[in-house]
Amino acid sequence: MSATKLVKRHELIVMLEHWGIAISGIVLLMSGIFQLPSAARYKITAIPGFWWSGEFFFTLKLHYIASVVFVGLVLFHLVYHLLLQERAMIPQSGDVSESVKVLKTFITNQPEPPFGKYLPEQRLAYVAIAIPVLMLVISGLIKTWKNIYTPDMDRTLLLWATWVHNVGFILFFMAFLGHVAALLIKPNRPMLRGMLTGKVTREYAEHRHPLWVNEIEKKEA
């Protein structure tokens with residue numbers, strides 16, 4: 001089979017929601033860090049084009065704008081895929097042990113077990129990102145409600161929301177780094193093309209996702 005033959009992996013709407021969540025998430029991370037404040041302390045404001053990083057009210061507004069996009073896309077993601085009854089990314093029994101097998105193949109060069117559209121570690125990574133996102137959204141809404149509508153909010157609730165938001169930030173940042181680092185592993189690199197163009201080579205699909213290719217061929221038959 002020619003390596004130049006492509007297989008459609010993602011719809012345009014999936015790519016848009018993925019990159020929308022990713023970009024707005026990065027903006028949230030940056031604007032959140034700059035509110036500590038840390039930009040002036042670490043001379044980030046001296047970097048050309050980053051004068052705004054030391055402006056608290058500017059970064060706060062940026063944080064709010066990015067949060068609207070982020071939360072909106074997260075809700076869209078949940079509703080859209082629930083309506084379509086797409087459950088391919090939901091973790092399955094045995095995903096942990098299967099992920100260990102995949103990691104071993106990177107070292108031993110042994111062939112991987114046959115997989116469907118998503119690898120077991122992708123499903124686990126989905127949960128690893130979903131948990132901190134849920135923490136950030138809920139705690140962020142509480143903190144925003146306090147800032148806009150209830151300045152005298154119960155201090156205990158606000159303290160818990162702040163701690164959950166901070167821990168969620170750390171977990172999200174770690175999950176984001178892990179997500180990017182996974183693409184540096186050679187067998188995973190073709191996945192980036194899939195998320196950028198929506199397509200992967202037939203050769204890659206048959207090599208790592210033969211069960212998914214079988215499903216495509218059955219639908220085409």
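Tutor: Axes here are lines fitted to C-alpha atoms, for helices over the stretch in contact, and the angles run from 0 to 180 degrees between N-to-C directions. The model is a predicted one. Two packed helices are described by the angle between their axes and the distance between the axes.

The contact to start from is that of helix 4 with helix 5. Helix 4 covers residues 120-148, and helix 5 covers residues 155-182. Their axes come within 8 Å and cross at roughly 145°. The crossing of helix 4 past helix 5 is left-handed. Of the residues in this contact, 16 are nonpolar, six are polar and two are charged.

Helix 4 also takes part in a charged pair. Side chains of opposite charge can pair when their charged atoms come close. Arg123 forms a salt bridge with Asp95, N to O at 2.8 Å. Arg123 belongs to helix 4 and Asp95 to helix 3 (residues 95-108), so this pair ties together parts that are 28 residues apart in sequence. Are the two partners buried or exposed? Asp95 has a relative accessible area of 3% and therefore counts as buried, the cut-off for buried being under 20%. Arg123, at 8% relative accessibility, is buried as well.

Glu98 is partly exposed at 22% relative accessibility, and Lys101 is partly exposed with a relative accessible area of 44%.

Glu112 forms a salt bridge with Arg208, and their closest N and O atoms are 2.7 Å apart. Glu112 sits in that loop and Arg208 in helix 7 (residues 202-208), so the pair ties together parts that are 96 residues apart in sequence. Arg208 is buried, at 1% relative accessibility. Asn109 lies in the loop between helix 3 and helix 4 too. Asn109 has a positive phi of about 65° although it is not a glycine, and it is exposed, with a relative accessible area of 68%.

Most residues other than glycine have a negative phi, and most peptide bonds are trans. Gln85, in the loop between helix 2 and helix 3, is not a glycine but has a positive phi of about 55°. At 56% relative accessibility, Gln85 is exposed. The peptide bond from Leu36 to Pro37 is cis, with omega near 0°. Pro37 lies in the loop between helix 1 (12-34) and helix 2 (56-83).

Gly194 is buried, with a relative accessible area of 0%. Leaving out residues up to four places away in sequence, Gly194 touches His10, Met15, Lys199 and Val200. The C-alpha atoms of Gly194 and Lys8 are 8.0 Å apart in space, although these residues are 186 residues apart in sequence.

Further along, Arg202, Glu206 and Glu217 are linked in a network of salt bridges. The salt bridges come to six in number.

Now the setting of these parts in the chain. The secondary structure comes to eight helices and two strands, and from the N terminus on the elements run β-α-α-α-α-α-α-β-α-α. The C-alpha atoms fill a box of roughly 60 × 40 × 30 Å along the principal axes. Of the 221 residues in the chain, 29% are buried. Among contacts between residues at least 6 apart in sequence, 70% join residues at least 24 apart.

How values were computed: Residues numbered from 1 in each chain as written. Predicted model: local features only at pLDDT ≥ 70, side-chain atom pairs only at ≥ 80, totals over all residues. Heavy atoms only, no water. Salt bridge = Lys/Arg side-chain N within 4 Å of Asp/Glu carboxyl O. Helix = DSSP H or I, 4+ residues; strand = E, 2+ residues; numbered from the N terminus. Buried < 20%, exposed > 50% of the residue type's maximum accessible area, 1.4 Å probe, protein only. Contact = heavy atoms within 4.5 Å. Left-handed = near helix turned anticlockwise from the far one by under 90°. Nonpolar A, V, L, I, M, F, W, Y, C, P; charged D, E, K, R; others polar.
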